[in-house]
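Try each task yourself before you peek at the solution.

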Amino acid sequence: MARLKLAVLISGRGSNLQALIEACRDPAYPAEIVLVLANEPDALGLERAKAANIPTRVVDHRNFSDRPAFEAALTTAIEAAGARLVCLAGFMRLLGEGFVRRWRDRLINIHPSLLPAFRGLHTHERALAAGVRVAGCTVHFVRENTDQGPIIVQAAVPVLPGDDVGRLAARVLVQEHVVYPLAVRLIAEGRVTIVAERVVIADARTPAGALVNPGPEL
Ligand code: GRF
């Protein structure tokens, strides 16, 4: 079966991109990355893509007069690469209505909290300040409102005594690298549908389709 073609949009480090690159190395994985697109010319993730022989593009938002023009350039690059699913992986620009509509149900994001808690930036600081016992991450479809949209997969981690932002972020990141390739695989296998703005996953092997710390084998 043809592999689902992915465009991965990044702004920086690209560790989630790296997790997707590793997943795609497996010939049995049902997706492939056809484009890594960065808005920051010096994004470290571009080097990761080049090392894996994946085509890269820089679309620098500073070169556009307004957001619609920037986003039109993103769409042009994504379409030219033939991508059918757009994966935001640490892409630090807010996306407007036009782009979100163009890629509706074909645009996903990873966020380092258990949404709908802690939308926006500085999630780990806020989780620590709130004293939550459990933190985590979420892969979700993108809608017009930031960090909202149907949730595909989440993973939880404990908040431990003595945690600081760095320790908690690192613990969450380990799970990000599990759930992002998993969510992409579920979509690529055609097992994800959205019903009344909730994600339904077909044929989940775990009891009741449990998606709490699922590991890669759901
Ligand atoms: C991750 O924590 C992701 O959840 C958030 O931005 C960070 C990107 O990290 N959206 P990386 O660039 O994938 O390493």
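**Exercise 1.** Find out where the ligand sits.

*Solution.* Step one: look at the pockets. The ligand sits in the largest pocket. A pocket here is an open set of points on a 1 Å grid over the protein atoms alone, where a 1.4 Å probe fits and protein lies on both sides within 12 Å along at least five of seven lines. A molecule "sits in" a pocket if more than half of its atoms lie within 2 Å of the pocket's grid points.

Before you go on: this is a predicted model, so local features need pLDDT of at least 70 and side-chain atom pairs count only at pLDDT 80 or more, while totals for chains, interfaces and linings use all residues. Residues are numbered from 1 along each chain as its sequence is written, and side-chain values use heavy atoms, with hydrogens and water left out.

**Exercise 2.** List the residues around the ligand and sort them by class.

*Solution.* You get Arg13, Gly14, Ser15, Asn16, Gly90, Ile110, His111, Pro112 and Glu176. Step two: sort them, remembering that Gly counts as polar. The shell has 2 nonpolar, 5 polar and 2 charged residues. Step three: see where they come from. Domain 1 (1-103) and domain 2 (109-218) each give at least three, with bounds from an automatic or database assignment.

**Exercise 3.** Which residues place a polar atom by an oxygen atom of the ligand?

*Solution.* Step one: check the side chains, counting pairs of N or O atoms within 3.5 Å. A polar side-chain atom of Arg13 is 2.5 Å from a ligand oxygen, and one of Ser15 is also at 2.5 Å from a ligand oxygen. A polar backbone atom of Asn16 is 2.8 Å from an oxygen of the ligand. Step three: look at the cover. The protein covers 85% of the 370 Å² of accessible area that the ligand has on its own (Shrake-Rupley method, 1.4 Å probe).

Conventions
Near = heavy atom within 4 Å. Polar contact = N/O pair within 3.5 Å; in protein donor to acceptor, adjacent residues only side chain to side chain. 1 Å grid on protein atoms, 1.4 Å probe; cavity = no way out; pocket = protein on both sides within 12 Å on 5 of 7 lines; lining within 4 Å.
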